Amino acid sequence: MGCSTCATGKDGQPNGCKNNGTCGSDGCNKLTVFDWLANMSLPNGVEPFNCVEVRFKNGRKQFFHNPENLTLSIADVVATEASPGHDVGVVTLTGELVRVQMKKKKVKEDSEEVLKIYRKASQRDIDVWQEARDKEDKMKVRAREIAIRLDLRMKISDIEFQGDGSKATFYYTAEERVDFRQLIKEFAREFNTRIEMRQIGFRQEAARLGGIGSCGRELCCSTWLTDFRSVNTSAARYQQLSLNPQKLAGQCGKLKCCLNYELDTYLDALKDFPKTDTKLYTKKGTAVCQKIDIFQGVLWYAYEGEWMNWHKLTAEQASKIVKANIEKETIASLEEYEVLVEVEKASKTDYTNVVGQDSLTRFDTPKSNNTKKRRKNKRKKGKPSNNG
């Protein structure tokens with residue numbers, strides 16, 4: 001993602017905001033929300049909402065009270081309440097949209113989860129915060145080495161320091177329960193800070209780390225998707241997709257969330273089709289469904305024992321035969337209802353040279369041998385005859 005003022009440079013970093021992806025308008029960040037009420041003033045007598053949304057590392061967001069009534073805007077760096085000490089984050093949303101987001105995420109304004117903002121971050125707060133963030137990559141490598149040495153079946157995917165540097169949260173994934181008591185002791189001795197271990201799911205891990213999907217776009221979970229609904233293999237079956245785990249799995253190793261996006265449309269379309277396990281009974285024999293095409297609205301059936309010969313029927317024709325079977329009407333064969341397949345040759349569009357370019361197929365045709373024939377004829381003419 002990128003804001004409208006950013007342009008990509010040679011190294012892939014935005015040129016407009018000069019903040020390497022953390023722009024002031026919050027358009028380059030993960031799970032950003034556009035404040036479409038920013039330019040609108042409140043009615044008379046209405047006080048602004050006293051809560052703000054603050055973003056921390058990798059899209060982690062929380063809501064905070066503003067008891068000091070600080071004048072805050074998007075991209076302000078603030079020091080917030082934490083346990084223990086304080087944390088440092090960036091304001092991502094203010095005003096009435098925060099009320100909407102809290103209602104959407106079912107967070108009450110008077111809840112204990114909503115902590116308070118101490119102050120706008122000073123330069124010292126920012127320096128300590130940046131020093132702690134610079135340690136995270138080296139710590140992650142060392143932490144993984146320690147976990148491997150202790151033979152723990154877990155993957156440490158990310159480390160997040162608190163803004164004051166007093167605590168480090170280790171995010172890990174594991175398929176089974178892990179006894180990391182010895183691991184915490186070695187982490188505390190190695191890194192000399194307070195350690196907190198937090199287990200996350202494989203989808204949450206992909207959302208935190210980000211990446212590019214098979215569609216060529218950024219992962220939905222790291223850009224806009226916040227609720228992870230269960231995805232079943234039946235969603236792929238309804239959409240006539242090949243049950244190939246390598247094609248259906250995302251970066252997290254689970255089934256892709258986008259399999260649910262068009263599922264309802266496919267289910268509505270399948271209501272007009274007879275069930276694929278329903279057999280068609282005719283005098284010629286019993287026919288079984290072999291294939292279905294939802295877009296064209298057709299089905300292919302084959303008689304039992306004649307599996308190589310397929311007969312193409314529309315959904316309406318197949319439904320008529322099923323209805324006739326229920327009413328015990330006799331049907332001669334599927335050929336009476338079969339749709340004649342006409343193979344339409346795709347019209348080949350010729351290349352049009354509109355601005356004077358060379359032909360795209362100039363190297364396709366082999367060169368003629370006229371020049372070689374001419375050379376041979378000249379040589380024959382130049383040779384003296386034996387009779388002379």
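1. The residues lining the largest cavity comprise four nonpolar, one polar and four charged. Here Ala, Val, Leu, Ile, Met, Phe, Trp, Tyr, Cys and Pro count as nonpolar, Asp, Glu, Lys and Arg as charged, and the others, Gly among them, as polar. The lining consists of Phe56, Lys57, Asp87, Val88, Trp129, Arg133, Glu160, Phe161 and Gly163.

2. The model is a predicted one, in which local features need pLDDT of at least 70 and side-chain atom pairs count only at pLDDT 80 or more, while totals for chains, interfaces and linings use all residues. Residues are numbered from 1 along each chain as its sequence is written, and side-chain values use heavy atoms, with hydrogens and water left out.

3. One cavity of 30 Å³ or more is present in the structure, and the largest cavity holds about 40 Å³ of space. A cavity is a set of points, on a 1 Å grid over the protein atoms alone, where a 1.4 Å probe fits but cannot get out; lining residues have an atom within 4 Å of a point. Grid points are joined across faces, edges and corners, and the volume is the space filled by probe spheres set on the points.

4. Which elements each supply at least two residues of the lining of the largest cavity? They are β4 (86-93), α2 (123-134) and β6 (155-161). Helices (H or I, at least four residues) and strands (E, at least two) are DSSP runs, numbered from the N terminus.

5. The count of salt bridges comes to 22, each being a side-chain nitrogen of Lys or Arg within 4 Å of a carboxyl oxygen of Asp or Glu. In one of them, Lys57 meets Asp158 at 3.0 Å, N to O. Lys57 lies in the loop between β1 (51-55) and β2 (61-65) and Asp158 in strand β6, so this pair ties together parts that are 101 residues apart in sequence. Both Lys57 and Asp158 are buried (under 20% relative accessible area; exposed is over 50%, and partly exposed in between, with a 1.4 Å probe and protein chains only).

6. A network of salt bridges links Lys57, Arg60, Asp87, Arg133, Glu136, Asp158, Glu160 and Arg208.

7. Two further pairs deserve mention. Arg119 and Asp125 form a salt bridge with their closest N and O atoms 3.1 Å apart; Arg119 is partly exposed at 34% relative accessible area, whereas Asp125 is buried at 9%. Arg229 and Asp227 meet at 3.4 Å, N to O; Arg229 is exposed at 60%, and Asp227 is partly exposed at 39%.

Methods: 1 Å grid on protein atoms, 1.4 Å probe; cavity = no way out; pocket = protein on both sides within 12 Å on 5 of 7 lines; lining within 4 Å.
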